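Subject: Structure handover

Hello,

Here is the structure I said I would pass on. My notes on it follow below.

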Amino acid sequence: MNHKNHRIARPAGSLPRELCSCLLFLLVGGVLGVFSKWMDTLACGDGNVWAGLLLKLSLPHLFSEMSIWALLALLIAVHSRSAGKAAGNVFSFFLGMMVGYYLYTALVLGFAPRAVILAWGVLTLLTPLGGILTWHAKGISLAAVVISALILGFFLSETFAVGFWYFDLIRWQNLLMTAFAVLILWDGWKKCLWSLLGGFLLMPLIQRLLPYVVGGL
């Protein structure tokens, strides 16, 4: 594949504009972090119509899974103007999400799980690297296909339970998020098919390794 298949960064904006975009992702992450923790506290059958509706839609459970956050990060990184900007935007988003989530936990619910906060803090520090790699997933270069396969492999691992004698759908919402991930990464049928094939091949390995990366969190 020639160099024209590799993604090219867009020109940078003014410094205030660049900082404002990072601040926006920080605020959006903070709001979603608070919203996610609030939904964690919803109780079934408490007479609250709004809470009951959210529970019927499975939103509290949805926002407690990694796939929804990975999808939002994918959307942010892919649409950033450059790999460096993707790193800053994704880091700002996850920093805001973590701060909002655990501030709500500490100030409203009255406890602060230090070990868990520290572990997620370390993972948040690694998100810029994920943002850089994800930005390069667009395009039709070999690197883009490999990175797309890794990304889709993660979403597929969250969607299907795979064993020697079974292949089961875990949750239809995760299947929907996998479809959205395919659309976000779309660069033509050829790349899509190769990325999906790679994702399916990587899925069992990712399912085995992921618990060791985020186990207990």
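How close do the axes of H1 and H5 come, and at what angle do they cross? The model is predicted, and in it the two axes come within 6 Å and cross at roughly 35°. The crossing of H1 and H5 is right-handed. By residue class, the contact of H1 with H5 divides into 12 nonpolar, 11 polar and four charged residues.

On H1 itself: the helix has 26 residues, which at 1.5 Å a residue should span 38 Å, and its end C-alpha atoms are 38 Å apart, so the two values agree. The buried residues of H1 are Glu18, Ser21, Cys22, Gly29, Gly30, Gly33, Ser36, Lys37 and Met39.

The other item is the second largest pocket. Its volume is about 240 Å³. Helix H1 (15-40) and helix H5 (83-107) are the elements that give two or more residues to its lining. H1 gives the most, with four residues.

The lining of this pocket has 13 residues, and those nearest the centre are Arg10, Ser21, Arg81, Lys85 and Asn89. Of these, Ser21 is also among the buried residues of H1. Divided by class, the lining of the second largest pocket has three nonpolar, five polar and five charged residues.

In short, H1 and H5 cross at roughly 35°, and both helices give residues to the lining of the second largest pocket.

Regards

Conventions
Residues numbered from 1 in each chain as written. Predicted model: local features only at pLDDT ≥ 70, side-chain atom pairs only at ≥ 80, totals over all residues. Heavy atoms only, no water. 1 Å grid on protein atoms, 1.4 Å probe; cavity = no way out; pocket = protein on both sides within 12 Å on 5 of 7 lines; lining within 4 Å. Points joined across faces, edges and corners; volume = space filled by probe spheres on them. Nonpolar A, V, L, I, M, F, W, Y, C, P; charged D, E, K, R; others polar. Axes fitted to C-alpha atoms, helices over the stretch in contact; angles between N-to-C directions. Left-handed = near helix turned anticlockwise from the far one by under 90°. Expected span 1.5 Å × (residues − 1). Buried < 20%, exposed > 50% of the residue type's maximum accessible area, 1.4 Å probe, protein only.
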